[in-house]
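Notebook open, structure loaded. I'll jot down what I looked up, one topic at a time.

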Amino acid sequence: MKLWQVKSSQSQVADFVQNFTVGDDFITDNYFLPYDLAASSAHAKMLFKMKLITRKELNDIKRGL
């Protein structure tokens, strides 16, 4: 069973969709990871500057990244 599956038989994912979305994307993910982390950090900083999150939340996000 895959993470997104439920017990219902109506939740089947077509093979071509699964192959397109699950294939070797981890290779691409690893390549873009530093950029994704930098963008997420910048987004968190913006949320802090806009007073939508606290400094503690910002620090927690940065630590998690």
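Before anything else, my helix rule: helices are DSSP runs of H or I with at least four residues, strands are runs of E with at least two, and both are numbered from the N terminus. I'm working on a predicted model, where local features need pLDDT of at least 70, side-chain atom pairs count only at pLDDT 80 or more, and totals for chains, interfaces and linings use all residues. Residues are numbered from 1 along each chain as its sequence is written, and side-chain values use heavy atoms, with hydrogens and water left out.

**Overall fold**

I counted 3 helices and 0 strands in the protein chain. Going along the sequence, I read the pattern as α-α-α.

Next I looked up burial, where buried means under 20% relative accessible area, exposed means over 50%, and partly exposed lies in between (1.4 Å probe, protein chains only). Of the 65 residues in the protein chain, 8% are buried. For areas I used the Shrake-Rupley method with a 1.4 Å probe, and for residues only the protein chains shown count as cover. The accessible surface of the protein chain is about 5900 Å², and carbon and sulfur atoms hold 60% of that.

My criterion for a salt bridge is a side-chain nitrogen of Lys or Arg within 4 Å of a carboxyl oxygen of Asp or Glu. As a reminder to myself, side chains of opposite charge can pair when their charged atoms come close. How many salt bridges does a search of the whole structure find? It finds 2.

I looked at Lys 56 with Asp 60 and got 2.8 Å, N to O. Both residues lie in helix H3, 4 residues apart, about one turn of the helix. The other bridge joins the side chains of Arg 63 and Asp 60 at 2.4 Å, N to O. That pair also lies in helix H3, 3 residues apart, again about one turn of the helix. I therefore noted Lys 56, Asp 60 and Arg 63 as a network of salt bridges.

I then checked how open each member is. Lys 56 counts as exposed because its relative accessibility is 57%. Asp 60 comes to 32%, so I filed Asp 60 as partly exposed. Arg 63 is exposed, with a relative accessible area of 63%.

One more look at Arg 63: its C-alpha is 9.8 Å from the C-alpha of Ser 41, with the two residues 22 apart in sequence.

**Surface patches**

I build patches from residues with over 30% relative accessible area and no salt bridge, joining like charges within 9 Å and nonpolar side chains (Val, Leu, Ile, Met, Phe, Trp, Tyr) within 5 Å. For charge, Lys and Arg count as positive and Asp and Glu as negative, while His and the chain ends are not counted. I take the place of a charge as NZ of Lys, CZ of Arg, CG of Asp or CD of Glu.

Which residues gather in a patch of negative charge on the surface? I found Asp 24, Asp 25, Asp 29 and Asp 36. I picked out Asp 29, which sits in helix H2 (residues 25-49). Asp 29 is partly exposed, at a relative accessible area of 45%.

I also found a nonpolar surface patch of about 280 Å², made by Leu 33, Leu 37, Ile 61 and Leu 65. Ile 61 belongs to helix H3 (residues 55-64). With 33% relative accessibility, Ile 61 counts as partly exposed.

Rings of Phe, Tyr and Trp (its six-membered ring) pair if their centres lie within 6.5 Å; planes under 30 degrees apart are stacked, over 60 edge-to-face, and the rest tilted. By that rule I counted 3 aromatic pairs. Tyr 31 and Tyr 35 have ring centres 6.4 Å apart and planes at 50 degrees, so I called the pair tilted. The two are 4 residues apart in helix H2, so about one helical turn separates them. Both count as exposed: Tyr 31 at 56% relative accessibility, and Tyr 35 at 54%. Ring pairs link Tyr 31, Phe 32 and Tyr 35 into a cluster.

Where is Lys 51? I located Lys 51 in the loop between H2 and H3. Its phi is near 60 degrees, a positive value in a residue other than glycine. Lys 51 is exposed too, with a relative accessible area of 74%.
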